[in-house]
Amino acid sequence: MTAEGPGPRPIVAVVGRPNVGKSTLVNRLAGGRQAITEERSGVTRDRTTHQTEWRGRTFTLVDTGGWLPGGRGTDPLTAAVTAQAEQAVAGADAIVLVVDAGGEPTSEDHAAARWLRGAGAPVVLAANKADRLADLRHAEAELAGWHALGLGEPLPVSAIHGTGSGDLLDAAFAAAGMLETPEAAEDAEDAAPGPPAVALLGRPNVGKSSLLNRLAGADRAIVDERPGTTRDAVDTLVTTDDGRTYRFVDTAGLRRPAKVRRSEATEYYASLRTQRALASADVAVLVLDAAEVIGEHEQQLAREVLDAGRALVLCANQWDRMDPERSEDFTRERERRLGFVPFARLVRTSATTGRGMGKLLDAIDEALEGWQQRVPTGRLNRWLADAVAATPPPLHGTRPVRLRYASQPSTGPPKVVVHGNAPVPDTYRRYLERTLRETFSFPGTPVDLRVKVRPRWEDRR
């Protein structure tokens, strides 16, 4: 399995030393609060991708953590952040080096310039925080010192106010030759639907990032022993040896709402991005630490997946640490805590050894198939007739309930509407859903089964 960039779309990587406003600039260029920002350095850790558009051309904007010279020899987390920035540059069509326009070039800026001059991709120098200059009308004179980096003319921009953002994108596109034939790029993007989106959910430090790296076959997400390392939702395209492609989203570990409210703002926005990743996903993989007790937090995450109408796969990670006694406890905990999602397939994996990776992808495919499954109306009505004949619905008051026909108006998740002359109790609706699954399976996905009441013609009069 390999990790790739996002198809034919051009890639623009935004790099620089910590706290020069890279993520704020990415938010400005992407047109929304895509990346987490805070008034302190080191908030961005993983490299994150954001799909956006400029001059009719869709491209991928990559935000990175602060790059530091010699980062690999310092704290392991700092080294990992630096490595992520270097990987982003290696796959970019154009690079934007962000510096602080309000100051002078630092040794870190000079080191970044030396590194990028040998990167093989064109570099545009963005002098951010230009709103702090004494005279923006004479920005060229104020920014003259930045020519010492040897990267050409520094472009004054203000991520907060939006000043110069269009000129910056024009310069990046021109440097990489991306302003040519946008129609051809649009035709390529419209030729086929994008790969299915798979969100990795779970508590902090259950191994989501390690699992993603094992699937991608590369260090795509930062892994550290400290919980909460992942803060942004990290997108990665993974293509298997047999040609299947998935867009995996490694999310920050969702904490209990009370803990998030009491925690720092970074955790709050990380939680929001995790919820947004779930809303845009097709399948959610709930990663469980097999060696830890399944608790209320996992219950809440499964309910969020259910409420969002997404397909679900349960992944018991770190299974290599299990013993027979814990295995029996895990089975009982799953039945007790997650019994309300019996349709979700359980896959036992180990990100460390690679156990179960193929089975996990098979389970995702199966859940996708169930999520998109459509049953012909004729077969649905034969199922309904058989279900009613086996167990007729109870009376509504003194009136017999007649369920006339069934239809499936939509998929993703499957929605089945049974039309009748009166409502049925929840127990009978659950009976209908159970027999529906027995007949058509719908693996790995919730089913939205509703009874729609249409009164008799005499009652409507």
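A residue is called buried here when its relative accessible area is under 20%, exposed when that area is over 50% and partly exposed in between, with a 1.4 Å probe and protein chains only. Helices (H or I, at least four residues) and strands (E, at least two) are DSSP runs numbered from the N terminus. By these terms, Tyr 428, Tyr 431, Leu 432, Glu 433, Thr 435, Leu 436, Arg 437 and Phe 440 of helix α14 are buried.

The structure is a predicted model, in which local features need pLDDT of at least 70 and side-chain atom pairs count only at pLDDT 80 or more, while totals for chains, interfaces and linings use all residues. Residues are numbered from 1 along each chain as its sequence is written, and side-chain values use heavy atoms, with hydrogens and water left out.

The buried residues of α14 pack against α13, β14, β15 and β16, where contact means heavy atoms within 4.5 Å. Helix α14 has 15 residues and spans 21 Å from its first C-alpha to its last, close to the 21 Å expected at 1.5 Å a residue, the expected span being 1.5 Å times one less than the number of residues. After the helix comes Ser 441, with a positive phi near 75 degrees.

The three strands form an open sheet in the order β14-β15-β16, with mixed pairing; its edge strands, β14 (403-410) and β16 (448-453), each pair on one side only. Two strands are taken to pair if DSSP finds at least two bridges between them.

| Strands | Bridges | Direction |
|---|---|---|
| β14 and β15 (residues 415-420) | five bridges | antiparallel |
| β2 (residues 11-15) and β4 | four bridges | parallel |
| β3 (residues 48-54) and β4 | seven bridges | antiparallel |

Within these pairs, Ile 11 stands opposite Thr 60 in β4, and Glu 53 stands opposite Thr 58 in β4. Strands β3 and β4 form a hairpin with two residues between them, and Arg 55 in the turn has a positive phi of about 55 degrees.
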